[in-house]
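Reader: Hi! I have a new model open and would like to talk it through with you. Could you show it to me first?

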Amino acid sequence: MEVHVIGASTIRKEGRGKVMGSAAYADDVDLPGCLLGMTVRSRCARGVLKGITFLEGVPWDEITVVTAADIPGKNFVAGHVDDQPFLVPVGGAIAHAEQPVLLLAHADRAVAEKARRLVRLDVEELPPLLDIEEALACVRVIHGERNVLKEIRIAKGDPEPVFAAAAHVVEGVYRTGAQEQLYLEPNVMIGTVEHGPAGLEVTVSGSLQCPYYVHDAMKQLFGIPGERVRVVALEMGGAFGGKEDYPSVIAGHAALLALKSGRPVKIAYDREEDMAATTKRHPSRTRIRSAFDAQGRLLALDIDFALDGGAFTTLSPVVLSRGALHAAGVYRCPDVRILARAVATNTPPCGAFRGFGAPQSLFAIERHMDVCARRMGMDPVELRRLNVLRQGDTMATGQVMREDPGLEGLMDRAMAAIDYRALQKAYAVRNAWDDPVKRGVGLSVFMHGCGFTGSGEATMASVAGVEGRPDGTVAVLAASTEMGQGKNTVFCQIVAETLGLPVDMVDMAEVDTKYVPNSGPTVASRSTMVVGRILEDAARGLRLALVQGGFLAEPYDPEAFREAMRAAHLKLGSLKTYGQYRANPGFAWDDKTYRGDAYPNFSWACYAAAVAVDLVTFEVKVEDFATVQEVGRVVNPTLAAGQIQGGVAQGIGWGLWEEVTFREGRMANNQLTNYIIPTAADLPHIRVEFLEGGSPFGPGGAKGIGELPMDGPAPALLNALRDALGDLRLDEVPMTPERILNRLEEARHA
Amino acid sequence: MRAFLPDYAIQAPGTLDEALRMLAAEPGAWTPIAGGTDLMVLFNAGRLPGRRLLDLSRIYELRGIEDDPSRLSLGSLITYTELLEQRAVHQFFPNLVKSARATGALAIQNRGTLGGNIVNASPAADTPPSLLAYGAEVQLVSARGSRWVAYDAFHQGYKKMDLAPDELVARIRLPKPQGLGFHFYRKVGTRQAQAISKVCLAAYARIQDRVVTELRVGLGSVAPVPLRARRAEAAVVGRALDALPIEEARRAVLEDISPIDDIRASAHYRQVVTGNVLAQMLKELGAARTA
């Protein structure tokens, strides 16, 4: 029987529980005797902790208090570089204003909260370093010799002589702000510590994207081997990258309180704490210098890309890497130089957020191409057509386009979807009327590299598996987590397709490091493409084992498969097969020189936006939004369209409204009333078209889609604003009404 | 929740008399609470200063609507949702409908009250500009008696009101516009729903023989209090629709307001946009069809 599950909109596996309210999130879990934990934070952007005083007003003898002195292992959160302490020790340096100093726990959350307010920190304050330019100028040095957390250089040819001879040289500086992930469910972690025969046994469960990151962090914090650490990922109410590295911190805190109190401890951040203390998208500043010949062909690019990493290294090196690798955009260019730096500042560390550095650098290049076209008197669409990558071209790292990405076709489709040329004509007439509303249309063309950068996947060598259960159903064994993106459903579809079973016969095993192998973190648009492919192998292995073991004869129907698994179980006891990541043949990457194949493949897209600006209030309304993307193969059309629409909504928010306001290194608008994300009323109908080119690397030809939709909206919107408003300095996101007013006044006074 | 619940006490009197007696016995000790949509935000954040709450929700005297031929009187406990259900509000006070719809989310509209919106005294509240435009009066009651004050004299400074510690706002009274009228309401809040205003302008004008004979403009978020744009009004009253002094009014309104830089908008943005919205209102007024 032929069953086709890939390509069908099968129902979301965990959807019923979420809709019916029966899904249990971490804060719904009540453990007997559980204490509630609180975090006392530094409240000072830079300084030295001199001492801690406990004021009267709560029964301190009932309250568990943990300081850095209580840490059994290493006081560093495991990461690329061990520089972020779990707790600031007395005498230690304070590097940002939300740094955890002290932990409190009590059975009554209100008592713990009251106690939190009765802790006084004696701090010797030092002048802080608060933005990229100050950090690069070394106004003060807070990290290493020149405040640089990580530097990457990419070079292809030599752009310098080209600039001297080129017909056109255009320069620009572009900035993007921090952005809060704003998952619905704030961070929650539960820790328990038991004294086992071999020593401490640590279990943490909660809302987290990457179980094995937390696993590594607990091993180092407690100084115990991996088999005595257990991490369980519970139902998750969104993450978007925001639960990639910070859950390790909270898990450590909960487990430290559990160790000290001898009881389970839950730490649940409220929205204010979550917004203020946890990671954001890195603010960026990009300088681009570009050279063109007289016909508009791109000859050289010189890009200086800088990210604000915040106080500690955390994920900044890899965010920077992805940003640098996307900085030259989708254009063929013979001579390219990219200098990328992540700098340290005294702000809470930035982290992962859908797109991971690429939205920042793609905003700059896609906005810059529009600026260049207009500077040269060309149509921005035609300039792109002339310069987009085609088969055989090389990217900045020397990666050869083995296949044609079909970018002109994507542009044609997106322009047709929004009726680009007709809108342009109509707006040209209407914008001349005496009407305060001005309209414009713009587009962006971009890509997103799928999976980990360069050799990342090969180094991790992820493992995932499938288990034939005694009842004849199949369980998927992977540490990848469900954060709303649809991984549960898509993994089951891939396994069901490979085994020729209906999707109802396949389920996810609970994501518990005691039972599931390390399939890597749930990040980087890698789950479907990379882990899905491993699962395809594992499922083939299961079928092969059943056939070769004489339990199953091909062709078979689902009932025969069930029977075979029952029989195999009786004879073998357990039935699990695993697959492991295999490097793609012919692909090579050198991490030292940043040369080679940066990603196994890319998803490609063109997004077009139509906007209306009201010159009474300078408010922008997005009137139409068309997305066309080539993503290999769509595994589940409903979920894929949801990913695109959700990502576009976040991209629109980042482009127009979402502004993290820092005051003295602390987020001042850490409330939903003042941090403006779009509501349904602010969003247009978001059109979604997929082109399925197929890819040899993903399961059934699928590539990654999770981050792609975050990359394109901001430049498309600002290009459309340029079309509506004329020659303005539209070089920054979010382009809030205040900034539009400011730019209009600047243009008037110029 | 960051507040320490045992620190708080709440009493729920059954009648207005009882409530007023409690207020009179300990003036200033109580924080009256109705829908709680403002106070509970502070409570949740651990920043609610008043520790003794007087729950007004059972007091029937503070409810009810009286619809007279010449005016509409609303009990202070009327919710935004209830306002939206009143035919007379839709018929005579369309700006009030718009401001009720612009307030918070549906859940907030179901609980929040008109009286609460007034005494919370936020300069960014959405209904006060409409109440100012319609020449509202508020009735204040205490054990000492009752008095009516004009709403445009009620707010005296940031969170300062013509309201004694033993008084409650009992009713809000609005004269029904007579003759040919023009109504305008615009809230500028960055996003289309669930926003806190950065600038809010409500206006009501009476037109006779294509001349503006009466104009009231209420403004929000541009001063320490919701206030009337009296200088701008004066520039326009008595002028013909075909010759409204738009630029003069725009200059005048800047004298009326005193906006600040805060987390939601800059003072400069508020100045420019207040002028622009006023000009937009006057353009629409000038284009009003009178025949």
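**Talking through the model**

Author: Happy to! Keep in mind that this is a predicted model. Over all chains, the structure holds 16 aromatic pairs.

Reader: Nice. What is the geometry of the pair A:Tyr174 and A:Phe363?

Author: A:Tyr174 and A:Phe363 sit edge-to-face, with 6.5 Å centre to centre and 85° between the planes. The pair links distant parts of the chain, 189 residues apart. A:Tyr174 belongs to strand S8 (residues 168–176) of chain A, while A:Phe363 belongs to helix H9 (residues 358–375) of chain A.

Reader: Let's switch to domains. How is chain A divided?

Author: Chain A has domain 1 (15–24 + 462–580), domain 2 (31–127 + 182–277) and domain 3 (284–453 + 594–749).

Reader: And how much area is buried between domain 2 and domain 3 of chain A?

Author: About 2,200 Å² is buried between domain 2 of chain A and domain 3 of chain A, and carbon and sulfur atoms give 63% of that. On the domain 2 side, A:His80, A:Phe240 and A:Met275 supply 25% of the area buried against domain 3 of chain A, more than any other three residues.

Reader: How many salt bridges are there across that interface?

Author: The rule finds one between domain 2 of chain A and domain 3 of chain A. There are also five residue pairs in polar contact between these two domains, both residues at pLDDT 80 or more. Helix H7 (residues 271–277) of chain A gives the most to the domain 2 side that touches domain 3 of chain A, with five residues.

Reader: Which residue forms a salt bridge with A:Glu98?

Author: That's A:Arg666, with the closest N and O atoms 3.2 Å apart.

Reader: Great, now the partner chain. How many residues of chain A are in contact with chain B?

Author: Chain A has 34 residues in contact with 29 residues of chain B. The area buried between chain A and chain B is about 2,700 Å², with carbon and sulfur atoms giving 50%. A:Val616, A:Glu619 and A:Glu738 supply 19% of what chain A buries against chain B, more than any other three residues.

Reader: What about salt bridges and polar contacts there?

Author: Across the interface of chain A and chain B, the rule finds six salt bridges. In one of the salt bridges, B:Arg2 pairs with A:Asp270, the closest N and O atoms being 2.7 Å apart.

Terms used. Residues are numbered from 1 along each chain as its sequence is written. Chains are lettered from A and ligands numbered from 1 in the order in which they are written. This is a predicted model: local features need pLDDT of at least 70, side-chain atom pairs count only at pLDDT 80 or more; totals for chains, interfaces and linings use all residues. Side-chain values use heavy atoms; hydrogens and water are left out. Domain bounds come from an automatic or database domain assignment. Buried area is the accessible area (1.4 Å probe) that two parts lose on being put together, summed over both. A salt bridge is a side-chain nitrogen of Lys or Arg within 4 Å of a carboxyl oxygen of Asp or Glu. A polar contact is a pair of N or O atoms within 3.5 Å; within protein, one must be able to donate a hydrogen and the other to accept it, and residues adjacent in sequence count only if both atoms are side-chain atoms. Helices (H or I, at least four residues) and strands (E, at least two) are DSSP runs, numbered from the N terminus. Rings of Phe, Tyr and Trp (its six-membered ring) pair if their centres lie within 6.5 Å; planes under 30 degrees apart count as stacked, over 60 as edge-to-face and the rest as tilted. Contact means heavy atoms within 4.5 Å.
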